[in-house]
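Here is a short note for someone opening this entry for the first time. Please read the points with the model in view.

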Protein chains: 2
Amino acid sequence: MATKNPLIISDKDKMRQWSRSMRAQGKTIGLVPTMGYLHEGHLSLIRDAHKHSQSVVVSIYVNPGQFSPTEDLSTYPSDFLGDIDKLKSIPGGVDVVFHPHNLYDYGDNSNDRSCWNDSGDQHGGEREGREVVSCVEDGGMGHETWVRVEKLEKPLCGKSRPVCFRGVATIVTKLFNIVEPDVAFFGKKDYQQWRIIQRMVRDLDFGIKVIGSDLVREPDGLAMSSRNVRLSPAERDKALSISRSLTEAKAAAENGQVNCRELMNSVIRSVQGAGGLIDYAEVVDQESLEAVEEIKGPAVFCVAAWFGKVRLIDNMEISP
Amino acid sequence: MATKNPLIISDKDKMRQWSRSMRAQGKTIGLVPTMGYLHEGHLSLIRDAHKHSQSVVVSIYVNPGQFSPTEDLSTYPSDFLGDIDKLKSIPGGVDVVFHPHNLYDYGDNSNDRSCWNDSGDQHGGEREGREVVSCVEDGGMGHETWVRVEKLEKPLCGKSRPVCFRGVATIVTKLFNIVEPDVAFFGKKDYQQWRIIQRMVRDLDFGIKVIGSDLVREPDGLAMSSRNVRLSPAERDKALSISRSLTEAKAAAENGQVNCRELMNSVIRSVQGAGGLIDYAEVVDQESLEAVEEIKGPAVFCVAAWFGKVRLIDNMEISP
């Protein structure tokens, strides 16, 4: 089968020019934002993009704005050439890979920490904004504008990763403004992220349709993630306890067990029994992400757990 | 002279369609965001828009997101038909008046306070986000996404009006996403707002050029503002102390008086002597808006003061 070489663009203005030239030709643009190290989950998003848009842009950018200085930004896996090979292998390929160097460098000497350092707020105002610090602030970049989805960013991953969703909402806004797509694709593996982006698009009136694509699993059930490569074979085996116990909990719920505390206690016991460290295990409403006590409407089981140095997340929707 | 009737659009999707049809014809779009009750300051922005773009959209929308529940949203002056007459009188007129009803109504029953009420944060997380409450939250609208320009929003007006610039940055983002302009025009009367929008456009990578238009004064020196109509004749006369003392301070600085505390003390004495209540009177850096002690580079004198029930702001730039 003939393969298609994507155009690789790293410059913001060139990216926007390309998109505007497509729009001028009447072609719709689908955007699949990624942090690279692509796996079958990403490729399924791209296949969805081909169904919904006439041209496809994949962005590959590891966003420092969604990592705190203590998180795994420096060890996040990458393989750009391998990614390009995978993209070529997809039927239809992709039109553009947008691969910027640093989306927080504005080329105006703003990377200067002198006016805002660790000693505090020079304006003497509230400090609440400073409690949240990402690698962008830590790196002394002059960027200071953040998009906050104030309710949905708080539960689940938001509790242990307070900068994460502020960083996600902000980088997706930047990518939307640079690529100007008609449709954008997000995996439901990152369930909270998907819901946050949907809400942000509604609240900020982006002229963009957001599509959530189903979570993709390995044959043994492990939810696909770029971070899986960092699991040892033994850890990987133990991590199967997450998907296995979620499948059991979902089956129990479908058989009439609606008490969420009991359902999740069995998940927690199973993951801890395999040596995992639970970050959270909750049943939440599919829209509001608020904890539910009894399954009455569309809900989602959500789990985050550590195996060794790797934090994994997984989820399963249930619609009784 | 022939007058031009603007097209009046209230629907978001129709507004975006109009803009996209203009872009498809190769025409650039200039946006002048206003809260209505137009005066000569607004009209000068529209004249600037004609210089920089081939079509002109004026938005008229009093944004509840930038008012706290204790501020003057309910008494903010409006005169839609008078505004349209003024717009017709400008050479070239305007192409569209975008006049939405409620930009926070998403038509999905989200205007429901039940899941987030005054008793606190249901997720049990930090409360810092809830210290800032605008008429949008107070009105029980389901909107929860806010754009924060974290440093520039804090000084000057940000101290006494903590929701103001969060609301401004958010509504301008919404208007940018609905109107999709090439150029947007802001008055330097609202100096901090103009700098915040510039920074936001840079940090969020909007493909939009921001142009700041000079402050326009009445013949007697009073900075034009829609709120001036709420001053009694006596208050209006006393309020001239702001522009008069700023003019004197600027002249003193140009004559070698560089000590900002002394310069602003004379402004404060003058405004207080006329019966005004000072909110702030500061000399700040033109870019960072940080207070400066001595005038060494481009700076701006900024004043906010109350006369009766009306809060007025004014400023003068100085570039030694």
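1. Helices here are DSSP runs of H or I with at least four residues, numbered from the N terminus.

2. This is a predicted model, in which local features need pLDDT of at least 70, side-chain atom pairs count only at pLDDT 80 or more, and totals for chains, interfaces and linings use all residues. Residues are numbered from 1 along each chain as its sequence is written, chains are lettered from A and ligands numbered from 1 in the order in which they are written, and side-chain values use heavy atoms, without hydrogens and water.

3. Helix 6 (residues 164–179) and helix 7 (residues 191–203) of chain B pack at about 55 degrees, with axes 10 Å apart. Axes are lines fitted to C-alpha atoms over the stretch in contact, and angles run from 0 to 180 degrees between N-to-C directions.

4. On helix 6 of chain B, the contact residues include F165(B), V168(B) and F176(B). Among their partners on helix 7 of chain B are I196(B), I197(B) and M200(B). Contact means heavy atoms within 4.5 Å. The contact of helix 6 with helix 7 of chain B has 9 nonpolar, 3 polar and no charged residues (nonpolar: Ala, Val, Leu, Ile, Met, Phe, Trp, Tyr, Cys, Pro; charged: Asp, Glu, Lys, Arg; polar: the others, Gly among them).

5. Helix 8 (residues 233–254) and helix 9 (residues 260–273) of chain B pack at about 160 degrees, their axes 9 Å apart. Helix 8 and helix 9 of chain B are therefore roughly antiparallel. Their crossing in chain B is right-handed.

6. In chain A, the axes of helix 8 (residues 233–254) and helix 9 (residues 260–273) come within 9 Å and cross at roughly 160 degrees. That makes helix 8 of chain A roughly antiparallel to helix 9 of chain A.

7. Now the interface. In chain B, 47 residues are in contact with 47 residues of chain A. About 4600 Å² is buried between chain B and chain A, with 47% from carbon and sulfur atoms (accessible area, 1.4 Å probe, lost on putting the two parts together, summed over both).

8. The rule finds 10 salt bridges across the interface of chain B and chain A (a side-chain nitrogen of Lys or Arg within 4 Å of a carboxyl oxygen of Asp or Glu). E144(A) forms a salt bridge with R199(B), with the closest N and O atoms 2.8 Å apart.

Key. Helix = DSSP H or I, 4+ residues; strand = E, 2+ residues; numbered from the N terminus. Parallel < 35°, antiparallel > 145°, perpendicular 65-115°, else oblique. Left-handed = near helix turned anticlockwise from the far one by under 90°.
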